Amino acid sequence: MDCVERTWDPTSAVMSPAIELRRVTKRFLTPSGGIYTALRDLDMVVEPGEFCAVVGPTGCGKSTTLALISGLEPASEGEVEVFGQPVNGIADGIGYVFQADAVFPWKTVLENVAAGPRYSGASNRDARERARDWISRVGLSGFEDRYPYQLSGGMRKRVALAQSLINGPRILLMDEPFSALDVQTRSLMENELLALWAASSASVVFVTHDLEEAISLSDRVFVITAGPGTVKSNYKVDLPRPRNVAEIRFQPHFAEIYEEIWKDLKDEVLVSYERQKRSGAA
Amino acid sequence: MNADTEPAERPLPDLAAGRRRDAQRRRLTVAGLRLLLGVVFLGTWELTTRLGWIDVFFWSQPTAIAAKLWIWITQGTDLGPLWDQVLVTMEETVGGFIAGSILGIIFGVALGRSPLLSDVLGPYIKAANAIPRVLMGALFAVALGLDIRSKIATAAVLVFFVVFFNAFQGVREVDRNLIANARILGADERRLTTEILIPSALSWIIASLHISFGLALVGAVVGELFGATQGLGELIYAAKNNFDTAGVFAGITLLAAMALVAEALITALENRLIKWRPQAVTEARI
C-alpha cells in the first residue's frame, strides 16, 4: 500500500493527483440521536486519467466516499482534495452516476442530457445540439423525445451516462451504476463505458460490490474494510487495454489478481455478514 | 420494451381488436347505466311528487325545474339575463381558484424548501386551517364590499389551504437523488426550484386542483349569500326568499353543470402537464 506523504503546493497543480483523501472520517447523526461512523481515517489517491474501483462489503461506506469527493457531503475530519484544491461544496468538473435512477422523469431524453450544459449557461440551441451528439454516442439516437418511463433500465443508465459525460467531467464518480441491470446488458454497458472513458481524460472512481466487475474495468482496486470503512489495501490491475469485459475474465492473469484481492476482501465480507446476522437476530 | 412482431407461422388471434371491442362494450355499458340511473332518479322524483307522496311545494319536481330553467333562458331572471348571472359566478369562482392556487403554490413551495419558515409558520397555518373558513366570507363582505372582490377572496381562502398543503407535501417528497443529480449537473437554487421541485410536486398540486375548484365554487356562492346583486348564489337566495323551490333546484343544476365542465378542463390540463407519467392501466378516477 503506497502512502506517500504529499505537501500541497498551489504552483504544482499539474502535479497533484486527481483525487486525494487524507485521514478522512465521516460521521452521521442517526435519527435516534446516536453517532454512526461510516468512514474512519481513510486514505486514497487517484491519479489523473486513472480508472479506480472501490470494493467492499455492504454498508462499508463506499457510497459515502463518493459523496465526500463530489462535495455533496462534507468530511467530519481529514482533507478531501480534487486536483489539489480542497473540496468545499460541489465543484465543477465532477460527473456522478447514481445507483438509483436519477434521470429526471419529467424531461425527455434530449432535455435530460441537455440539462448540464443549460445549467452551466449554454444557450438552449447549443445545449440541444451537444445533447444530440452525446445521445448518439451512447447509442440512443431515435429516442430523443421519449420520457424515462418509456425506456428500459439499461437505456436509462445510458441517459444517465450521457447526462454526466456531456459536461466533460475531469472526475467521474459511479455508484454501482450497473447493479440493477441484467448480466448481458451489464457487460455491454461496461464495454461502452470503457470506450467512452478511453476517449476522455477523466479519472473514474467506480464503486461496486462485484470484484469481477472491479478488476475487469479498472487500473486500480481499493478494498475497503467492513464499516467503519477504511482502505485495507490497494491493488494495481496490470491487464492490457483495450479490454473486452466479457472475455478478459478468462485470462489466467485475471484469475491470479482475483484470487489475491479476494483473499483480502473475503475477511471483510465475513465480518460484515456476521454483524448483519447478529443485528438481525437481536 | 417494444414487442417486435415476428412473422408468425399461424395467424395469431387479433388481441388488440378484441381488447378494443371489450373497451367499446364497457363504454356503452357505463353510458347506458348512467342514463338509466338518471332516468330512474328523476322519474321517481316526478312520480312521487305527482302522486302527492312528497310535497311538491318543498321538494319541487323535475318538470317544474326544467320549466323554470326554460323561463330563465328565454325570458331572463329577476336579476337580469341568466347568462350574466352564470358569468358573474364563473368570474368569481375562476378568479378565486386562480388566486388561491397561485398563492398556495408559492407558499407551499417556499415553506417546503425552507425548514425554518415551515417551523415558524406551521402552527399558524394549522390554526388558520382549523377555523371554518367560509365564515371569512362575512368579513370580506364587510371589508371589501359587495362587489366581486369579496367573493374572489372567499373562494381564494378556501382554495389556498388545499393547494398549499399539497404543494408543501409535494416539495417535501421530492426524490433526494434527483436533487443531488441536479446539483452535480450545476443547477442553481432557482433552477432547482423550477426544474426539479415544482415539476415533481406538480402531480400533487394538480390532484388538489380537482378538489379545489369545487371549493372555489362554494366560496363564490357563499360569498354571494353574504350580500350580492348578481350571480347564481344570489339567484338561489332570491328564489328561496320567494319559497320558489324550483328556482333553488334550477340554480343548483346550473352550478353542477359548471363544476362538471371545469372538472373536464382540469383533467385535460392534467394530461397535458404530466404527460411524462405512465398512463394508468385502469381508470380509477371518477
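## Helix α1 of chain A

In this predicted model, helix α1 of chain A, which spans residues 62-70, is mostly covered, with seven of its nine residues buried. Those buried residues are Lys62(A), Thr64(A), Thr65(A), Leu66(A), Leu68(A), Ile69(A) and Ser70(A), where a residue is called buried if 20 or more other C-beta atoms lie within 10 Å of its own. The residue that follows α1(A) is Gly71(A), and the phi of Gly71(A) is positive, near 90 degrees.

## The four-stranded sheet

Four strands of chain A form an open sheet with antiparallel pairing, in the order β2-β1-β4-β5. Because β2 (35-46) and β5 (85-86) of chain A stand at the edges and each has a single partner strand, one side of each is left without a neighbour in the sheet.

Strand β1 of chain A, covering residues 19-29, pairs with β2(A) in the antiparallel sense over eight bridges. Within this part of the sheet, Leu29(A) has Ile35(A), a residue of β2(A), as its bridge partner.

## The contact between chains A and B

The contact between the chains draws on 20 residues from chain A and 15 residues from chain B. On the side of chain A that touches chain B, β6 (94-97) and α2 (109-119) of chain A each supply at least two residues, and the largest share, three residues, comes from α2(A). Sorted by class, this side of chain A has 14 nonpolar and six polar residues, and no charged residues.

Methods: Residues numbered from 1 in each chain as written. Chains lettered and ligands numbered in written order. Predicted model: local features only at pLDDT ≥ 70, side-chain atom pairs only at ≥ 80, totals over all residues. Buried ≥ 20, exposed ≤ 12 C-beta atoms within 10 Å, placed from the backbone. Contact = placed C-beta atoms within 7 Å. Nonpolar A, V, L, I, M, F, W, Y, C, P; charged D, E, K, R; others polar. Pairing = 2+ DSSP bridges.
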